[in-house]
Structures are given as structure tokens and as C-alpha cells.
Amino acid sequence: MGKVTVITSGKGGTGKSTLAAGLGASLVRRGNRVLIIDCDAGMRGIDLMLGVSGELVFDIADIVNGNCMPANAIYPCKTVPELYILPAPQNVRDKVSPYIMRQLVRVLVKYYDHILIDCPAGIGMGFESAAAAAERALIVANAEPLSLRGCDKVRSKLRQMNIPEILLIINRFNERKFRRLNVFPDLDAVIDRAGARLLGIVPEDNAAAACAQRGEPVEGRMKAVYAFDRIAARLDGSDAPLEL
Ligand SMILES: Nc1ncnc2c1ncn2[C@@H]1O[C@H](COP(=O)(O)OP(=O)(O)O)[C@@H](O)[C@H]1O
Ligand SMILES: [Mg+2]
């Protein structure tokens, strides 16, 4: 039985999809079979990041509407064996209810070691469905006041939904910019502001981000990849140092 983790954020653009793609690849390198479910209906992006956007025929709405079997809407990532994607519907009106999502994930979780669910930003449309089946939530934030705004709303909503583990990822961290911003004295202040236990810090890494954007695997000797690997180890229950 796999572990189901939803990837959320207060503000948009904090790096949820980049994290999902990178973490998915890291979990595979640890020997896991991983499914990423894209729940960002209308704004899907994971298919691009995993290099399968040209092949998509079916998506999650087709499973729910009985147009295809679940296996027909799950696509293997070409460059990372054992990494799979279930795409989000292109149309926001096709979003899936929380009840249906729970039923679907209950079936799928038998076939994977990890399911990562990429969620829309905030707590609006699609959030509850994306989080409905999760036993663990990651809140992705950047170390900036605007990005941290909304974290508390997401956190309290996740608590209301009885998600037992709520963990923070600080993404795109750049120490020089952080000091220049001069809003928080240190990272502890950022973690306090976000109000969740820290699982990992991912440095700003334009090379890794560009790989993800081009649909190339996020792997090799890149700063962000080391961070993804350590986060993957922690998600797998192993000890890995928190530092950058
Ligand atoms: N660690 C990182 N370093 C540099 N750029 C990043 C990093 N993570 C994400 N990005 C960039 O930030 C932007 C938003 O990322 P994305 O994953 O699409 O966010 P979200 O899914 O939360 O909207 C993209 O341009 C992406 O390439
Ligand atoms: Mg996204």
C-alpha cells in the first residue's frame, strides 16, 4: 500500500509542480514506483514537466465519467521508468468531487509506493478534492511575505480535513536574496510564519527548473536535486540532514 501526499501552497507559483516532478524522480531513484496525479484542472503542467504532453488522450475526468479504465489515463514518463502521471482535466468544469477522488485513490494506491497529488494554489476550487485522499500534506512556500501569506489558511483547512501530517517545504531559497529582502531575521522566523514543521529547503536552481520546464528529467548534479533526494528520503521514513 502506497503513501499519499498532496502538494499544496497558499500563493500560486511557489514551485509545487516543479517539486512534484523532481520529488517523483528522486523517489523512483530510491526504488519506488510513483504516480503523480495532477489535480490542477485547467492549468495542468505535470504532463509538460514529465515530457508526455504530446501523447495525452485521457485524463482523470475520463476515468470518472466512464470514458476509459484508470490504466488508460495513466501515462509512463518516458525518461524516468517507474514514474507515472494521471493528468488533470483541461477543463475546470470537469473537476472531480472529493468523494470520487477518495474512491479513485483508494484503488490506485495498491499499485504504487507513493502517490503525489499536485494541487491548485490556495483553498479554492479543486483544493478539497486534491487533498481528500491524502494522509500527508506538503505546503510549499518561498521565503517571502507574499508567498507565506495564505499558508495559515491552507494549514487550518488541512487540519480541518484531519490530515495527520502537515509539513513545510521552503522552495527557491537564495540566501543572498533572503538577506537583501531583510524581512525575516532567519529561516526560523519563516518557519514560524508558515506554522508547519519543516521537511526540507530547496535552493533556487535555475538549471533544475529549466530541465523541468523542458520536460527533461530533474536529475544529476544539481543543487535542487540534492534537496529533492533528501526530501524523498524523509518521505520514505529515512533520516537525512535538513541543511542546504
Ligand atoms: N527551486 C527552484 N529554483 C528556481 N526556479 C524554480 C524553482 N522551483 C520552481 N521554480 C520556477 O518557479 C516557477 C513556478 O514553478 P511551478 O512549479 O510551476 O509552481 P506552481 O506549480 O506552484 O505554480 C516556474 O517558472 C519554475 O521554473
Ligand atoms: Mg503547478
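A residue counts as buried if 20 or more other C-beta atoms lie within 10 Å of its own, as exposed if 12 or fewer do, and as partly exposed in between. In this predicted model, Leu198 is partly exposed, because 15 other C-beta atoms lie within 10 Å.

Leu198 belongs to strand β8, which covers residues 197–203. When neighbours within four places in sequence are set aside, the contacts of Leu198 are Leu168, Ile191 and Leu242. Leu138 stands 60 residues away from Leu198 along the chain, and the C-alpha atoms of the two are separated by 9.4 Å.

The description now turns to a pair of helices. Two packed helices are described by the angle between their axes and the distance between the axes. For helix α1 (residues 16–29) and helix α11 (residues 223–235), the axes come within 8 Å and cross at roughly 65°. This crossing of α1 and α11 is right-handed. On the α1 side, Gly22, Leu23, Ser26 and Leu27 take part, and they meet Ala224, Val225, Phe228, Asp229, Ile231, Ala232 and Leu235 of α11. Sorted by class, the contact of α1 with α11 comprises eight nonpolar, two polar and one charged residues.

Conventions
Residues numbered from 1 in each chain as written. Chains lettered and ligands numbered in written order. Predicted model: local features only at pLDDT ≥ 70, side-chain atom pairs only at ≥ 80, totals over all residues. Helix = DSSP H or I, 4+ residues; strand = E, 2+ residues; numbered from the N terminus. Contact = placed C-beta atoms within 7 Å. Axes fitted to C-alpha atoms, helices over the stretch in contact; angles between N-to-C directions. Left-handed = near helix turned anticlockwise from the far one by under 90°. Nonpolar A, V, L, I, M, F, W, Y, C, P; charged D, E, K, R; others polar.
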